[in-house]
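This briefing concerns the charged side-chain contacts of one model, and it takes up a few of them in turn. Please keep the sequence and the coordinates at hand while reading.

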Amino acid sequence: MNSTVIYTEEIDDLEEAAEELFAQAEQFAFCKNSLAILFTEEETEYPELYRLLSAKWDFPIIGCTAMAMLLEKEGYCNTGISVMLLSADDCSFTVGMTDELNVNNYEEQIGDTYRALLAQTDAEVKLVISYGGMLTKEEDVAGDNLVSALNAAADGVPIYGGTASDGFSFDGFRVFCNGQVTKNGQVMALVTGEIRPKFVRVNSVENMASFSYEVTQSRNNVVYRLGNGTLLDALKKEDMVVDKADVLGDYLLSPFVVTVKQGDGEFVEVARNLSVLNQETGAGSFLGVIPEGAILNIGIINRADVKKSVEQAFDTIFQQIQESEYPYRTLLCNSCCARFLALASNTSAEVEAFEGRLPEGISLMGLYAYGEYCPVKGNLSGKDYNMFHNFTFTILAL
């Protein structure tokens with residue numbers, strides 16, 4: 001599969017932006033089937049941009065808004081439009097998007113959309129690339145619910161992508177599929193053909209605090225009780241911040257690590273950010289589902305750990321690429337917006353992990369997301385489980 005990444009800073013004059021993108025793509029070797037993945041800032045008038053791009057590109061375009069982008073040449077960019085072009089003779093891309101999702105329709109919408117796309121394919125689906133909105137509000141729909149619904153429809157096919165982001169207004173994010181724009185829709189691209197996707201993810205937790213509890217009462221993304229007491233009781237015991245409601249910023253360098261048992265008895269590990277504490281009930285709302293029976297720990301990180309772990313993630317994927325006979329040419333990556341906040345003013349920390357290190361012929365594009373979709377290997381068999389993540393850096397190699 002061929003790929004290239006093109007980028008423009010222009011967002012005000014979209015005709016000029018389109019021409020700049022077209023010019024950069026002139027030398028790209030388009031094959032029989034192609035797909036464009038597009039990230040842009042929230043102010044971009046996407047419908048007009050699509051009108052301009054589709055006048056010349058007769059292949060599907062999917063994507064979403066991004067607080068910031070990670071690019072192979074430009075590095076960290078918090079403005080502009082980036083596009084990854086994927087093209088192959090031996091692969092195909094089938095794309096679609098749900099209507100706006102809510103707590104009552106997300107399972108049906110995601111299932112129906114996937115099955116409709118699957119009916120259009122004539123080969124085994126090897127990968128689903130998907131982006132969606134952030135529906136979490138109190139106990140409504142967490143990113144886990146969306147990934148679980150898509151996983152059920154796709155019957156375990158690997159899912160990679162994330163949650164659209166914006167400039168922390170939590171209102172400007174959008175999801176794109178060709179000429180369609182939704183706020184809380186789920187876009188998906190089913191990829192068939194000769195691909196061997198590889199995945200790497202890191203949560204940058206090098207050390208754990210003495211905090212470790214079994215979740216004895218929870219609902220979706222809200223944890224009520226740990227062991228015999230409330231979440232608030234456990235945090236007080238550990239001298240953590242408990243005297244206010246909005247605690248996301250206070251726990252950025254203390255992400256929670258959750259060990260979750262799967263239906264077949266294996267365990268997987270995911271990171272979770274604590275967002276809100278309820279002083280009356282003692283419960284806490286997280287930016288992801290934490291099921292009853294899971295083991296909850298608190299990680300301790302510093303900014304150096306973040307950079308080091310991302311470097312190790314790229315070391316791992318570079319080694320896997322080098323050792324494989326398959327010609328990998330593409331890296332898609334996602335980093336969590338909470339990681340961005342934890343890095344404070346050092347916005348280039350994660351970029352430095354890959355800058356100047358990409359193997360020849362490899363293209364890279366990524367975004368800072370409000371949540372990450374990436375498979376995780378179980379603790380026993382090494383089987384991949386599709387999971388939703390917070391505070392995680394993920395990489396897909398194609």
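In this predicted model, D315 has a relative accessibility of 37% and therefore counts as partly exposed. Its side chain meets that of R357 in a salt bridge, with an N to O distance of 2.2 Å. The structure holds 11 salt bridges, and the points below treat some of them.

**D315 and R357**
- D315 lies in helix α6, whereas R357 sits in the loop between α7 (337-342) and β23 (363-369), so the pair ties together parts that are 42 residues apart in sequence.
- R357, with a relative accessible area of 31%, is partly exposed.

**R196 and E325**
- A salt bridge joins the side chains of R196 and E325, at 3.7 Å from N to O.
- This pair links distant parts of the chain, 129 residues apart, since R196 belongs to the loop between β12 (186-193) and β13 (198-202) and E325 to the loop between α6 (303-323) and β22 (330-336).
- R196 is partly exposed, having a relative accessible area of 41%, whereas E325 is exposed, with a value of 71%.

**R115 and D112**
- R115 forms a salt bridge with D112, in which the closest N and O atoms are 3.1 Å apart.
- Both residues of this pair, R115 and D112, lie in helix α3 (residues 106-118), where they are 3 residues apart, about one turn of the helix.
- R115 is partly exposed, with a relative accessible area of 46%, and D112 likewise counts as partly exposed, at 40% relative accessibility.

Methods
Residues are numbered from 1 along each chain as its sequence is written. This is a predicted model: local features need pLDDT of at least 70, side-chain atom pairs count only at pLDDT 80 or more; totals for chains, interfaces and linings use all residues. Side-chain values use heavy atoms; hydrogens and water are left out. A salt bridge is a side-chain nitrogen of Lys or Arg within 4 Å of a carboxyl oxygen of Asp or Glu. Helices (H or I, at least four residues) and strands (E, at least two) are DSSP runs, numbered from the N terminus. Buried means under 20% relative accessible area, exposed over 50%, partly exposed in between (1.4 Å probe, protein chains only).
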